[in-house]
Amino acid sequence: MFPILCYEGLDYTGLKTKFDKVKSFISNADFKSADVKKLKPSGYLRAKLDDTNRLLFMPIKHNDKTCLLLLEVIKNHDYSKSRFLAGAEIKEEKISVEEIQNPIECLKYTDYNRPVRLLDKFIVFDDEQDNIFQYNLPLVIIGSAGSGKTSVVLEKLKTFTGNCLYISLSSFLVNHTQKYYYSYKYNNDDQELEFLSFEEFLETIKVLESKEITSNVFLNWFQRQKISKKITDGRKLFEEFRGVITGSDQTVQYLSKEQYLSLGIKQSIYLQDEKTEVYSLFEKYLTFLKEGEYHDSNIISNKYQEIVSKKYDFIVVDEVQDFTNSQLSLVLQSIKTSSNFILCGDSNQVVHPNFFSWSNLKSYFYEDQLETNKVTQILSKNYRNSPEVTELANRILKFKNYRFGSIDKESHYLIESVANTAGGVSCVEANLKNIKELERKYLNDENHAEYELLGHSLEKIKRINLWKHTSFILILYMLLSLGQLRMSI
């Protein structure tokens, strides 16, 4: 007897009696009565519901047991319209029970009472994920990479109608996620969905005549300035300009000198006796921007608040921890109904300090009198990393909280590994030579699910010489979250 699983999008309207009958046949391995045929060259099977309609299904492995995953009713046996067959020409052939016993596809962590979902692969939500999926908006989803956060968010996004937006600061992540969303020819006729990076989002409001200032452009400018021995790190100064002076208060383009000097020790990277010089350099930075070739997206965000239209019915903001208050405020102002949003991220993956905190983020909810205890949900399980890697990630997180402190309870949750594969972690000196060796060995290794994201992270490490800073511990945690530490770092 084969356990039966059903794809979440399976529609057998008007054929329930025939569907239930065939389902019983194939569950009891009575393939003859169901007139089961294999569809070559695909790995799919079909059963005959009646003279004109077919049921598409496939064998799938779970816990060393073969299950049958029911996928799609194909009307008028028109295989060219099947989402799964993708218009391929197929040939029907007879099949035996023995041929089904060793399926190629494998489904992990399955609850037979839940539907099987599909992005770039088949998945089933666990209790935690399923509960979050059922929540109404607004919703803040917190979880490390490998927690299923993206899967939950994209499946939730499929339920939205009207004009929708998925946005992230990273164009790489946006493109990567868009491919996931439209895998297997997914289509939603009730949805107008845009996948945009924040820079692209700004362009939809008003075309920019200048370019976003980058760290490299800033460093070239910084090297031409007269500076004291106290202000020597250009990247640190860039982070202060972007994360504090221009990005922290969404109500102004940038903090006044008085406002900046009055910031507390936990609100600025610099000591009090350094701030006067920092702000003097910031004023020169403003003059540089006024020359017109480059712009600061935080300043633009504040300017655009006056002209942004309420265009979207629903918005998903991914990796929200990388957004400044100014940027996020502009995005949220483009929603027709203020509560129709999902914010997701992990504050432990912040690379460039912008003083992000979940507590600060909740200020948006208090203004709308929303119940934040119901809005914020945490995914604590990890399906990507081995227990050994997860244990090290938790130790690093504890050390990070001990060394730097934790400003809210959502930032110090620990991860629970549910992977059943053993792993190992080893360490080498973190220098440029060894990082280049990591790239050579692993960036083209297709056995690593996130090797492209790892490459993106390694490039950041090289670019900002992060091994020279105490904050390298945060990047180490990020790499662990990506599930990459089967390697040496």
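## A helix across the strands

Which strands does helix α1 lie across? Helix α1, residues 16-27, lies across β1, β3, β4 (54-62) and β5 (65-74). Its direction is at about 155° to that of β5. As you look at the structure, keep in mind that this is a predicted model.

## The sheet behind the helix numbers

Let us turn to the strands themselves. An open sheet is formed by 6 strands, and their order is β1-β5-β4-β3-β2-β6. The pairing in this sheet is mixed. In general, strands of a sheet pair through backbone hydrogen bonds, and they can be parallel or antiparallel.

At the edges you will find β1 (4-6) and β6 (91-94), each of which pairs on one side only. On average, neighbouring strands of the sheet are turned by 40° against each other, direction ignored.

## The largest nonpolar core

Now move further along the chain. The largest nonpolar core contains 26 residues. Among those with the most contacts inside this core are Ile141, Phe160, Tyr181 and Ile342. Elements that give two or more residues to the core include α2 (127-134), β9 (139-143), α3 (149-157) and β15 (341-345). The largest share comes from α3, with 4 residues.

Which residues is Ile342 in contact with, leaving aside its neighbours within four places in sequence? They are Leu137, Leu139, Ile141, Val153, Lys156, Phe160, Ile315, Val316 and Val317.

Technical notes
Residues numbered from 1 in each chain as written. Predicted model: local features only at pLDDT ≥ 70, side-chain atom pairs only at ≥ 80, totals over all residues. Heavy atoms only, no water. Core = buried A, V, L, I, M, F, W, Y, C linked by side-chain atoms within 4.5 Å. Buried < 20%, exposed > 50% of the residue type's maximum accessible area, 1.4 Å probe, protein only. Contact = heavy atoms within 4.5 Å. Pairing = 2+ DSSP bridges. Axes fitted to C-alpha atoms, helices over the stretch in contact; angles between N-to-C directions.
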